[in-house]
Amino acid sequence: MISICIPVYNIQVAPLLRGLQKETEVLKMPFEILVYDDGSEPKIKKENSGFCKSFEGIKYVELTQNIGRAAIRNLMGENAIYDYLLFIDADSLIPENYLHNYMGLLFPGKVLCGGTTYQELPPENPKQLLRWVYGQNREAINAAQRNSQKGFVITSNNFVIPRHLFLENRFDDKLSKYGHEDTLLGYHLFCKRVEILHVDNPVKHTGLETSEEFLDKTRQSLKNLFLIWRKIADNEGFADKIALLKVYQKLHKYGLIFIPRLFYTIFSAAIKQNLLGKYPSVKLFDVYKLGYFCTLKKP
């Protein structure tokens, strides 16, 4: 019935697999678990390989080199055998009855997004604060709120999609680097009037990167967003569903792009100091992202 697809890159997958193992032993349903390693370090490969071999029902595959977030998910979708694909990021922990909650909602023409939560207390490592603060404020929101912001947003760390829909659309593997490959997939599904339903079935995101790493990934994701936006013919319809692009287009309309660009040039170092510090501000992070986006130019 369902193929559980877990792409792995330098993450120990055992904690997630233990949770899945516990539930699959109870549920009477056909399933498979695909764990594909996307060029991790040898130590991680050895640990994950050893654990996966001890767990019946896992198809563990190691890629010799990293092919990227989009391409590895496409490969797993191609190789899966069941009618539904459940994609989970390896740095996740699942709640009780996680698979059971999805089972009753499966429908051939519907995509399900379960959501994300974070630990309640701040991380012990202060260098991870920005990722935790951002996650708590912008990602850990309930399904009602996510559905009220309807559009084409999907979250690739925890979603179910019928396999035939996935094979007809797929992630754009030209986006080999981090960011917004799920935005583009969601947009293609939205244009084909596929229903995207947000439900309360969140995974806990455990893989907090450092604030510096998160800023690097954010800048890369904004580069991807810029490229996607420039390539899509219906730019206005795409931008209307993404807050940052809506602001950008208004500024562009009135010839005011130079203001956030100049602000970023002058104050980005000071803002970055806040974001890397003990009290990172999400609002300042928004300003930082808009300013950086305004510095990007068509290649």
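Reader: At roughly what angle do the axes of α11 and α13 cross, and within what distance do they come?

Author: In this predicted model, the two axes cross at roughly 55° and come within 11 Å of each other.

Reader: Which residues of α11 and α13 make the contact?

Author: Helix α11 contributes Leu244, Leu245, Val247, Tyr248 and Leu251, while α13 contributes Lys289, Leu290, Phe293 and Cys294. By class, this contact has 8 nonpolar residues, no polar residue and 1 charged residue.

Reader: How do you know that the buried residues of α11 line one face of the helix?

Author: The buried residues of α11, which spans residues 243-253, are Leu244, Leu245, Tyr248 and Leu251. Viewed down the helix axis, they fall within an arc of 125°, so they line one face. The face turned away from the buried side of α11 carries the exposed residues Ala243, Lys250 and Lys253. Glycine 255, with a positive phi near 65°, follows this helix.

Reader: Which residues in α9 meet which residues in α13?

Author: From α9 come Phe214, Leu215, Thr218, Arg219, Leu222, Lys223, Leu225, Phe226 and Trp229; in α13 they meet Phe285, Tyr288, Lys289, Tyr292 and Phe293. The contact of α9 with α13 has 10 nonpolar, 1 polar and 3 charged residues.

Reader: Why is asparagine 201 counted as buried?

Author: The cut-off for buried is under 20% relative accessible area. Asparagine 201 has 2%, and it therefore counts as buried. Its place is the loop between β9 (195-198) and β10 (203-205). Beyond its neighbours up to four places away in sequence, asparagine 201 touches Pro95, Tyr98, Asn101, Tyr102, Gly114 and Asn158.

Reader: What makes leucine 208 count as buried?

Author: Leucine 208 has a relative accessibility of 12%. Buried means under 20%, so leucine 208 counts as buried. The residue lies in the loop between β10 and α9. With neighbours within four places in sequence left aside, its contacts are Tyr118, Pro123, Gln128, Arg131 and Trp132. Leucine 208 and aspartate 91 are 117 residues apart in sequence, yet 8.7 Å apart in space, C-alpha to C-alpha.

Reader: Why is arginine 170 called partly exposed, and why does arginine 193 count as exposed?

Author: Exposed means over 50% relative accessible area, and partly exposed lies between that value and the 20% below which a residue is buried. Arginine 170, at 26%, is therefore partly exposed. Arginine 193, at 81%, is therefore exposed. Arginine 170 is in the loop between α7 and α8, whereas arginine 193 is in the loop between α8 and β9. Neither is a glycine, yet phi is positive in arginine 170, near 65°, and in arginine 193, about 60°.

Reader: What makes serine 54 count as exposed?

Author: The relative accessibility of serine 54 is 57%. The cut-off for exposed is over 50%, and serine 54 therefore counts as exposed. Serine 54 sits in the loop between α2 (42-53) and β3. Between serine 54 and glutamine 12 there are 15 Å in space, C-alpha to C-alpha, and the two are 42 residues apart in sequence.

Reader: Which residues of helix α3 are buried, and what covers them?

Author: In α3 (residues 69-79), the buried residues are Ala70, Ala71, Ile72, Arg73, Asn74, Met76 and Gly77. Their cover includes the strands β1 (2-8), β2 (31-38), β3 (58-63) and β4 (84-88), together with the helices α7 (163-169) and α8 (181-191).

Notes: Residues are numbered from 1 along each chain as its sequence is written. This is a predicted model: local features need pLDDT of at least 70, side-chain atom pairs count only at pLDDT 80 or more; totals for chains, interfaces and linings use all residues. Side-chain values use heavy atoms; hydrogens and water are left out. Helices (H or I, at least four residues) and strands (E, at least two) are DSSP runs, numbered from the N terminus. Buried means under 20% relative accessible area, exposed over 50%, partly exposed in between (1.4 Å probe, protein chains only). Contact means heavy atoms within 4.5 Å. Ala, Val, Leu, Ile, Met, Phe, Trp, Tyr, Cys and Pro count as nonpolar, Asp, Glu, Lys and Arg as charged, and the others, Gly among them, as polar. The arc is that of the directions from the helix axis to the C-beta atoms. Axes are lines fitted to C-alpha atoms, for helices over the stretch in contact, and angles run from 0 to 180 degrees between N-to-C directions.
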